[in-house]
Amino acid sequence: MGKFEVMDHPLIQHKLTMIRDKNCGTKVFREVVNEIATLMAYDVSRDMPLEDVEIETPMGKTIQKQISGKKVAIVPILRAGLGMVDGMLELIPAAKVGHVGLYRDHDTLEPVEYFVKMPADINERQLLVVDPMLATGGSAIMAIDAIKKRGAKNIKFVCLVAAPEGVKALQEAHPDVDIYVASLDEKLNEEGYIVPGLGDAGDRLFGTK
């Protein structure tokens, strides 16, 4: 089973409370989602491999560490996942960005894939799949299905707010994927929204209803 981690750093919790507030406007919501994504990227990248490199400081030659090996790709699940991309790029600017587009079929309530565009070397990269919400888990599972089908092997899923039902579903469908969340919330309600959650992240990021 992959790792499951709740990132309960005080700064992350404080910023999450700001965007949970229903009176938080679009501009602040967007900025703070990116700030949380940057803080989460710091911890998500903790196990990146290092290698020795020789450099010269003003005091002379020295062997020091630099990041080696796996390159990174950030893969937002459209559209709400876009809200976390810039924040992660702040910390990992060399990362490439892929996209997975899904929509929910109103009759079946199942996610349907409509757009997938990935870097060519996806199989060589550490993929960070991002979406602010992990509710039922349906979208995350389908997005990871789509990128595995295209050759991805090394995947982490990063979200702000998760419901226990979604975590369980994602772990069962993709036991090899590490899951990082800023908060594990109480439950899903009858409509499939996370409680207490923060409402519809896409609508709040983009000012739509």
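Buried means under 20% relative accessible area, exposed means over 50%, and partly exposed covers what lies in between. Keep that handy, and remember that this is a predicted model.

Q: Is threonine 136 buried, partly exposed or exposed?
A: Let's start with where threonine 136 sits: the loop between strand 9 (133-134) and helix 4 (138-149). Its relative accessible area is 36%. Buried needs under 20% and exposed needs over 50%, so threonine 136 counts as partly exposed.

Q: Which residues does threonine 136 touch, leaving out those up to four places away in sequence?
A: Contact here means heavy atoms within 4.5 Å. With the sequence neighbours up to four places away set aside, the partners of threonine 136 are Glu165, Gly166, Ala169 and Leu188.

Q: Which residues from the UniProt "binding site" annotation that covers Arg79 and Thr136 are in the lining of the largest pocket?
A: UniProt, in an unreviewed entry, puts Arg79, Arg104, Asp131, Pro132, Met133, Leu134, Ala135, Thr136, Gly137, Gly138, Ser139 and Asp200 under this label. From this set, the largest pocket's lining takes in Arg79, Arg104, Asp131, Met133, Leu134, Ala135, Thr136, Gly137, Gly138, Ser139 and Asp200.

Q: Which residues does UniProt list for the "binding site" that includes Ile194?
A: This one also comes from an unreviewed UniProt entry.

Q: What is the relative accessible area of alanine 201, and which label does it get?
A: You'll find alanine 201 in helix 6 (residues 201-206). Leaving out residues up to four places away in sequence, alanine 201 touches Phe29, Ala80, Pro132 and Met133. Buried means under 20%, so alanine 201 is buried, at 4%.

Q: Is phenylalanine 115 buried, partly exposed or exposed?
A: Look in strand 7 (residues 111-117) for phenylalanine 115. Its relative accessible area is 39%. That value falls between the 20% and 50% cut-offs, so phenylalanine 115 is partly exposed.

Q: How much accessible area do Tyr103, Tyr114 and Phe115 have together?
A: These residues form a nonpolar patch on the surface. Taken together, their accessible area is about 340 Å².

Notes
Residues are numbered from 1 along each chain as its sequence is written. This is a predicted model: local features need pLDDT of at least 70, side-chain atom pairs count only at pLDDT 80 or more; totals for chains, interfaces and linings use all residues. Side-chain values use heavy atoms; hydrogens and water are left out. UniProt positions are given in the numbering used here, feature names are shortened, and annotations may be inferred rather than shown by experiment. Helices (H or I, at least four residues) and strands (E, at least two) are DSSP runs, numbered from the N terminus. Buried means under 20% relative accessible area, exposed over 50%, partly exposed in between (1.4 Å probe, protein chains only). Patches are made of residues with over 30% relative accessible area and no salt bridge: like charges are joined within 9 Å, nonpolar side chains (Val, Leu, Ile, Met, Phe, Trp, Tyr) within 5 Å. Accessible areas come from the Shrake-Rupley method with a 1.4 Å probe; for residues, only the protein chains shown count as cover. A salt bridge is a side-chain nitrogen of Lys or Arg within 4 Å of a carboxyl oxygen of Asp or Glu. On a 1 Å grid over the protein atoms alone, a cavity is a set of points where a 1.4 Å probe fits but cannot get out, and a pocket is an open set with protein on both sides within 12 Å along at least five of seven lines; lining residues have an atom within 4 Å of a point.
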